[in-house]
Amino acid sequence: MALTLYVDTARWRAHHKHVQEQFPGLVPVCKGNGYGFGHERLAEEVTRLGADLLAVGTTYEAARMKDWFGGDLLVLTPYRRGEEPVPLPDRVIRSVSSVDGVYGLVGARVVIEVMSSMKRHGVTEQDLPQLHAAIENVRLEGFAIHLPLDRTDGSDAVEEVIGWMDRLRAARLPLHTMFVSHLKAEELARLQQQFPQTRFRARIGTRLWLGDHEATEYRGAVLDVTRVTKGDRFGYRQQKATSDGFLVVVAGGTSHGVGLEAPKALHGVMPRAKGVARAGLATVNRNLSPFVWAGKQRWFAEPPHMQVSILFVPADAPEPKVGDELVAHLRHTTTQFDRLVDR
């Protein structure tokens, strides 16, 4: 009995090809938990796509991925002096976000990140004069810019990239390759048309692996079902059942990522109101689970355990049976499945 990730493989791969066609020179990204699929599986899919370069999050991920992917690897986390050395082959390219970082990577292959409106990391316009001397001792693979997802000020992503292209050109720095993130296909085409001598390469993870929501589905198997009546005590904390119904033990607990949720930015009155309502219910131990039964998302009977969750299904709903599977609305990037099934 397991928490299973089911993949409609043909549909999933058709989506990969569609994204690849939209973004010539695509650089697939595999970081964290491999977007819910795992690093080894995504390495297989990237090889299937014929990509020559794969982006990973850290040097530790690169050290693992080098055994599964035969092409070049781009580490997205910028190099910092004093970091723990990790043995890596020459086909690994390091990102750098400071002049000092460039000087610290003599002889290495590097991509230099520029500071975008994200304001996360990157070299600034004031740093550009110093880069001339710094890049003489490295193998420059190109520059990169990581753009925000939302533009609440109405600004144009393409114009932000153009601004940096102009600054780099004015500083007489090589512009053979520019790596970009979070651009639409038409925006990338506009840039390529305006700067035909530069190769623009889109680094894409979420849109590539998770862009077709209908291609994947998590399901947790029912392990046990116990009928309870109002007032019965149950669980670790011996709470009372608030009404008649069933306690349903389903595969999927905190070790799988069930009950864990990354904070979300809320826009608009309705989403904010729902957030306040959920917070209010949580204070009285009412938390909605990600598991669905008989068309409704069901409540946790108590906080999820390490490998299972206990749900409360009211008596007016159909009784689940051991072996049934409940669809689970889980975030791929925080979920660890027991098994993956291609179908």
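Modeller: Start with S2 and S3, which pair in the parallel sense over two bridges. Val29 has Ala55 in S3 as its bridge partner. Mind that this is a predicted model, in which local features need pLDDT of at least 70 and side-chain atom pairs pLDDT 80 or more, while totals for chains, interfaces and linings use all residues. Residues are numbered from 1 along each chain as its sequence is written, and side-chain values use heavy atoms, without hydrogens and water.

Biologist: Why are S2 and S3 said to pair?

Modeller: Pairing takes at least two DSSP bridges between two strands, and S2 and S3 have two, so they qualify. Strands themselves are DSSP runs of E with at least two residues, and helices are runs of H or I with at least four, all numbered from the N terminus.

Biologist: What do the side chains of S3 do?

Modeller: Leu53 and Ala55 point one way, Leu54 and Val56 the other. That is the regular pattern: side chains in a strand alternate between the two faces of the sheet. All four are buried, where buried means under 20% relative accessible area, exposed means over 50%, and partly exposed is in between (1.4 Å probe, protein chains only).

Biologist: What makes the strands a barrel, and in which order do they run?

Modeller: Eight strands close up in the order S2-S3-S4-S5-S6-S7-S8-S9, with parallel pairing. From one strand to the next, the twist averages 30 degrees. Angles here are taken between N-to-C directions, from 0 to 180 degrees, along lines fitted to C-alpha atoms (for helices, over the stretch in contact).

Biologist: How many bridges join S8 to S9?

Modeller: Four, between residues 177-181 and 199-204. Met178 stands opposite Phe200 in S9. Helix H7 (residues 185-194) lies across both strands, at about 160 degrees to S9.

Biologist: What makes a set of residues a nonpolar core?

Modeller: The members are buried Ala, Val, Leu, Ile, Met, Phe, Trp, Tyr and Cys, joined through side-chain atoms within 4.5 Å. The largest such set holds 91 residues, and Phe37, Ile112, Leu131, Phe143, Phe200 and Trp209 touch the most other members. Helix H6 (residues 157-170) gives the largest share, seven residues. A second, separate core has nine residues, among them Val228, Leu247, Ile310 and Phe312.

Biologist: Which residues does Leu131 touch?

Modeller: Beyond four places in sequence, Val99, Val102, Ile112, Val123, Phe143 and Leu173. Contact means heavy atoms within 4.5 Å.

Biologist: Which residues of helix H2 are buried?

Modeller: In H2 (residues 39-49), they are His39, Arg41, Leu42, Ala43, Glu45, Val46 and Leu49. These pack against several elements, including helix H1 (9-22), helix H3 (59-65) and strand S18 (339-342). Gly50 follows H2, with a positive phi near 80 degrees.

Biologist: Why does Gln238 count as partly exposed?

Modeller: Its relative accessibility is 41%, which is neither under the buried limit nor over the exposed one, so Gln238 falls in between. Ala294, at 47%, is partly exposed too.

Biologist: What makes a space a cavity and what makes it a pocket?

Modeller: On a 1 Å grid over the protein atoms alone, a cavity is a set of points where a 1.4 Å probe fits but cannot get out, whereas a pocket is an open set with protein on both sides within 12 Å along at least five of seven lines; lining residues have an atom within 4 Å of a point. Points join across faces, edges and corners, and volume is the space filled by probe spheres set on them. One cavity reaches 30 Å³ or more. The largest cavity holds about 50 Å³, and His146 is one of its lining residues, with Glu113 and Arg120 also among them.

Biologist: How much space lies in the second largest pocket?

Modeller: About 780 Å³. Of its 30 lining residues, His146, Leu149, Ser181, His182 and Thr206 are closest to the centre. S9 gives the most, three residues.
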